[in-house]
Amino acid sequence: MSAPGGASEGTTLLLILWVSIAGSGALEMTIFKDQLEVFQGQDVVLDCKVTGYTPAVLNLSFVAVEWRFVSTQRLVYSFNGGFIDALRPGATVTLENLKRGDASLHLPKVQIEEEGEYKCIVYVTPTKAEKSSSVRVLAEPKVTLSKRHFTINNGSEGALTCDVNRFYPKTHEISWVKVSRGVETEITTGIITQIVAHNSDRTFSVSSKLNIRPTLDDDGNRYRCVVKHRAFSDNFTLEAELTVVVKKPQEPAGNGPGAVIGGVVGLLVIVLLAVAAFYFWKKWNQAPPKITEIHKPTHFIHGQRADLSWEVTGFKPKEIEIVVLLTRKRKEQLTLFVWKFPKDEKRSCQIEEGVPLVDIKDGCERVNSFTAEPPRCVQLENGTFSVKCLIGFCPDVSEDDGAQMTVKVHHKTLKTPLEKSVKFEVEVPPTMTEIKMPTGIVHGDKVALTWEVNGFNPQAIEIAVLVKRKVDQEAKELFHWQIPEKEKQTIPSDINPSVKETTQVNSFTAEVAKIKQTDNGTFSVNCSAT
């Protein structure tokens, strides 16, 4: 048939053929090996490749990729028909490789908190494949020995200390070995190993002390600290050499009145020095806290969980109060959380997992968008304390767009509390209705085409209308409406977006689309063409 009916039949056949080509075959996926090990601070590529699709080079308009951190279901990276959202800073998928089925994820400078299971999900319309595998992060221990050569008097006691710092995971072994005249013997007595300390960067540290009471036969012996850890390909060893000397006898001290007076004066001096030392210790054994910036994702998406984290560190004494406040548009400020380490609290923060702060519920408003567990106080190697805070936030565009969260830190060393704030701009991706048109089209009659783009935020948007006729090699742009980001404003009524130059096709006309704001704070655009 030649007339309008024939054109419609040809278009339908083309569409069916295209869908068949794009969706043929079942996707098969290969992913990086489980328990992949990577050192803290290094870059890593998490392999994820799919096969079983056609054509050989994919059209990325019909491809989507998601990488998720399984333990929290946090989205790490997504690609959807050209829109990229890297929620983890620096996360990338090479798009040229993606055209050939390679969705491998590049993560720069991996940190310990990124250890865990990752899921790769690839959509090639209309098929889908997904697999998971895990990453283990290693931090190589920094091992030091207090002395490399040491001297002890015959019959006296001395010590060696082996410090093992900044390692991860926690599992490790420290042993001591004596080498005497070429013979190695493992030492099992005189060893004091401290409780493992949990550092603010999630690594661990520990010290092991070896007490030695040598004889002259031990002169020239060597003592080794041997550290075994997953980050070492072989045991790491440091050693120190011992020299034993004969102590000279002391001359007897005088027993006259002068010796007694000298002893009394010396005792008084010691007491005065002790009092002064205690005073200065009380005065100077304090350190004010510092607070980091609040770490947040690149975008806040309506209904999608986001993590907000910060750290309060370097303070002493450990008594501290952390207050989280929320100010929403045209509403009074709310207190979300109050966490406190009370002055009379006797628990020690030296234990490796730390001690949770007390959650003060009186006066706090529970808001469904925000969830949190009380953070833990941990003592650092330098004797100061640290608290890491994490809040889960599921934004609601109608309530949270434009809201501000403020963190206040109270401590006895501060005249005024420390403050950090973050403002939320909640985004909602647009949805589009089907294009409405009459069921029958008669040659020469005007036909109205209408559709709606709705439910989006912020209001900056571009809408392009294209047409491809049977004789055209490529689609032509008929109309292009846009609201640039710089024109963002709160609108009380309909406004006209600006118009870009487009190809003129005589058989098509359109009014400039109008945008309006809905009651829930999102925007919508009604479009029509004739």
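The questions below take up confidence, folding, disulfides, aromatic rings and backbone.

Biologist: What kind of model is this, and how are residues numbered?

Modeller: This is a predicted model, where local features need pLDDT of at least 70 and side-chain atom pairs count only at pLDDT 80 or more, while totals for chains, interfaces and linings use all residues. Residues are numbered from 1 along each chain as its sequence is written, and side-chain values use heavy atoms, with hydrogens and water left out.

Biologist: What is the confidence of the chain, and where is it lowest?

Modeller: pLDDT is the predictor's confidence in each residue, from 0 to 100. The chain averages 82, and 84% of the residues score at least 70. Confidence is lowest in helix α1 (residues 4-23), at a mean of 32. Strand β8 is highest, at 96. Over residues 489-503, pLDDT stays under 50.

Biologist: How many helices and strands are there?

Modeller: The chain has four helices and 40 strands. These are DSSP runs, numbered from the N terminus: helices are H or I with at least four residues, strands are E with at least two.

Biologist: What makes Cys48 and Cys120 a disulfide?

Modeller: The cut-off is a pair of cysteine sulfur atoms within 2.5 Å. For Cys48 and Cys120, S to S is 2.1 Å, so the pair meets the definition. The torsion about their S-S bond is about -80°, so this disulfide is left-handed. Cys48 is in strand β4 (residues 48-51) and Cys120 in strand β9, 72 residues apart.

Biologist: Why is Cys48 called buried?

Modeller: Buried means under 20% relative accessible area, exposed over 50%, and partly exposed in between, with a 1.4 Å probe and protein chains only. Cys48 has 0% relative accessibility, so it counts as buried. Cys120 is also at 0% and buried.

Biologist: How many disulfides does the structure hold?

Modeller: It holds two. Cys162 joins Cys225, again with S to S at 2.1 Å. This link is left-handed, with -75° about the S-S bond. Cys162 lies in strand β13 (residues 158-167) and Cys225 in strand β19 (residues 222-228), so the pair ties together parts that are 63 residues apart in sequence.

Biologist: Why is the pair of Phe315 and Phe385 called tilted?

Modeller: Rings of Phe, Tyr and Trp (its six-membered ring) pair if their centres lie within 6.5 Å; planes under 30 degrees apart count as stacked, over 60 as edge-to-face and the rest as tilted. Here the centres are 6.2 Å apart and the planes are at 35°, so the pair is tilted. Phe315 lies in strand β23 (residues 306-315) and Phe385 in strand β30 (residues 385-393), so parts 70 residues apart in sequence are tied together. Both Phe315 and Phe385 are buried. The whole structure has 13 aromatic pairs.

Biologist: Where is a cis peptide bond found?

Modeller: One joins Thr125 and Pro126, with omega about 5°. Pro126 is in the loop between β9 (116-124) and β10 (127-138). Another joins Asn457 and Pro458, with omega about 5°.

Definitions and conventions: Contact means heavy atoms within 4.5 Å.
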